[in-house]
Amino acid sequence: MGKVIVVTSGKGGVGKTTSSAALGAALAQNGDKVVVVDFDVGLRNLDLVMGAERRVVYDLVNVIQGEAKLAQALIRDKRLETLYLLPASQTRDKDNLTPEGVEKVITALRKAFDWVICDSPAGIERGATLAMRHADVAIVVTNPEVSSVRDSDRIIGLLDSKTMKAEQGERMEKHLLLTRFDPARAERGDMLKVEDVLEILSIPLLGIIPESMDVLRASNVGAPVTIADNKSAPALAYFNAARRLKGETVPLTTPGEKRGFFGKIFGRKAA
Amino acid sequence: MNLKRFFSRSASAPAARERLQVLLAHERASSGDSDLLKTLRDEIMAVIAKHMQVDGDKVSVKMERGASVSTLAVDIEVPFDGGKKAA
């Protein structure tokens with residue numbers, strides 16, 4: 001039986017889809033069988049970030065409505081043969097996602113894969129609550145910025161009350177993935193520090209992904225950053241996060257970006 | 001000019017941290033509509049409406065949420081003939 005992970009945040013644009021794709025590809029590079037499921041019905045983007053946008057035939061809603069078999073809707077990655085994508089519907093309304101339908105699909109995927117990664121839409125509406133509904137583990141993607149931290153706090157509340165685990169009286173395992181972190185700005189006092197966010201949200205840290213051009217470059221070419229440039233700082237951070245997900249103990253390092261002469265002089269505020 | 005501004009600028013992250021801590025303490029306590037301040041505000045307004053006609057524009061309700069103390073200020077303009085509510 002595989003593990004079901006929801007990648008969620010409340011706020012949009014913090015890096016849920018990027019992180020779903022990067023972690024999925026990182027886990028699949030270990031030989032684990034991984035499926036990444038896009039729950040953002042109407043605004044799908046996981047297919048684009050993973051470079052499979054031209055191969056989408058059927059989607060999650062087709063499977064739920066019985067118009068396609070699950071196996072027909074799954075798209076295998078061209079680079080990693082243990083990585084699959086289940087796209088969201090682009091044209092249908094999100095009301096087509098039914099709780100029963102989602103449960104059936106997740107149950108079937110759990111049997112066939114080691115990891116089922118559910119990429120949640122932003123917000124706290126139907127799509128987001130259904131994406132988290134059957135999760136064993138939640139990854140809360142947060143930017144070191146006030147509105148993102150507030151929304152993450154709200155989502156943590158929902159994870160502890162509206163999921164199957166919560167309703168059965170079990171504890172939902174939650175991890176914080178801090179994305180778009182800029183060590184220089186945090187050091188200067190112009191960005192919330194890692195410890196600040198951890199103290200406020202009080203859930204364990206899965207990883208710190210540095211703000212980086214490599215992430216945009218990877219999405220431009222349609223590859224998870226862990227495939228596009230697997231030596232880059234964000235890719236290494238995602239690989240470490242994936243190892244922690246598997247239960248390994250990997251020491252946490254705040255990603256320090258190399259600063260040039262100019263950065264050394266102006267990057268730090270005089271004490 | 002710009003350089004002076006750069007050096008005199010103070011760090012903004014501590015402010016973000018404090019604002020979040022106060023806000024989230026309130027939001028966590030008020031999940032499930034059990035927000036005391038909100039209940040007080042609604043009930044106070046209901047009581048006032050029972051005894052006089054309240055013009056929505058003449059009422060100001062201010063809430064100030066602090067870390068340890070919150071205040072609720074209800075400011076109502078009472079018109080001369082507002083003492084009696086039309087039966």
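This is a predicted model: local features need pLDDT of at least 70, side-chain atom pairs count only at pLDDT 80 or more; totals for chains, interfaces and linings use all residues.

Reader: What makes up the secondary structure of chain B?

Author: Chain B has 3 helices and 2 strands, in the order α-α-α-β-β from the N terminus. Helices (H or I, at least four residues) and strands (E, at least two) are DSSP runs, numbered from the N terminus.

Reader: How do you know what span to expect for H2 of chain B?

Author: The expected span is 1.5 Å times one less than the number of residues. H2(B) covers residues 13–29, which is 17 residues. Its first and last C-alpha atoms are 24 Å apart, close to the expected 24 Å.

Reader: Which residues of H2(B) are called buried, and what is the cut-off?

Author: Buried means under 20% relative accessible area, exposed over 50%, and partly exposed in between (1.4 Å probe, protein chains only). By that rule B:Ala13, B:Ala16, B:Leu20, B:Leu24 and B:His26 are the buried residues of H2(B). They fall within an arc of 160 degrees seen down the helix axis, so they line one face. That arc is taken from the directions from the helix axis to the C-beta atoms. On the other side, B:Glu18, B:Arg19 and B:Ala29 are exposed.

Reader: What covers the buried residues of H2(B)?

Author: Both chains take part: the cover includes H7 (146–159) and H10 (194–201) of chain A, plus strands S1 (59–65) and S2 (70–76) of chain B. As for chain B as a whole, buried residues make up 15% of its 87 residues.

Reader: What makes a residue count as in contact across the interface, and how many do on each side?

Author: Contact means heavy atoms within 4.5 Å. With that rule, 15 residues of chain A are in contact with 16 residues of chain B. The buried area is about 1500 Å², with carbon and sulfur atoms giving 55% of it; that is the accessible area (1.4 Å probe) the two parts lose on being put together, summed over both.

Reader: Why is the pair A:Asp196 and B:Arg17 called a salt bridge?

Author: The definition asks for a side-chain nitrogen of Lys or Arg within 4 Å of a carboxyl oxygen of Asp or Glu. In this pair the closest N and O atoms are 2.7 Å apart, so the pair meets the definition. The bridge crosses between chains, from H10 of chain A to H2 of chain B. A:Asp196 is buried at a relative accessible area of 10%, whereas B:Arg17 is partly exposed at 24%. Salt bridges that share partners join A:Asp196, A:Glu199 and B:Arg17 into one network. In the bridge between B:Arg17 and A:Glu199, the closest N and O atoms are 3.0 Å apart.

Reader: How many salt bridges does the rule find across the interface?

Author: It finds 3 between chain A and chain B, and H7 and H10 of chain A each supply at least two residues of the side that touches chain B.

Reader: What makes A:Arg44 and A:Asp47 count as buried?

Author: Their relative accessible areas are 17% for A:Arg44 and 6% for A:Asp47, so both pass the buried cut-off. Their side chains meet in a salt bridge with N to O at 3.1 Å.

Reader: Which parts does the salt bridge of A:Glu167 and A:Arg133 tie together?

Author: The N to O distance in this bridge is 3.0 Å. A:Glu167 lies in H8 (residues 164–167) and A:Arg133 in H6 (residues 126–133) of chain A, so the pair ties together parts 34 residues apart in sequence.

Reader: How do you know whether A:Thr142 is buried or exposed?

Author: Its relative accessible area is 0%, so A:Thr142 is buried. A:Thr142 sits in strand S6 (residues 137–142) of chain A. Leaving aside neighbours within four places in sequence, its contacts include A:Ser148, A:Leu177 and A:Val197.

How values were computed:
Residues are numbered from 1 along each chain as its sequence is written. Chains are lettered from A and ligands numbered from 1 in the order in which they are written. Side-chain values use heavy atoms; hydrogens and water are left out.
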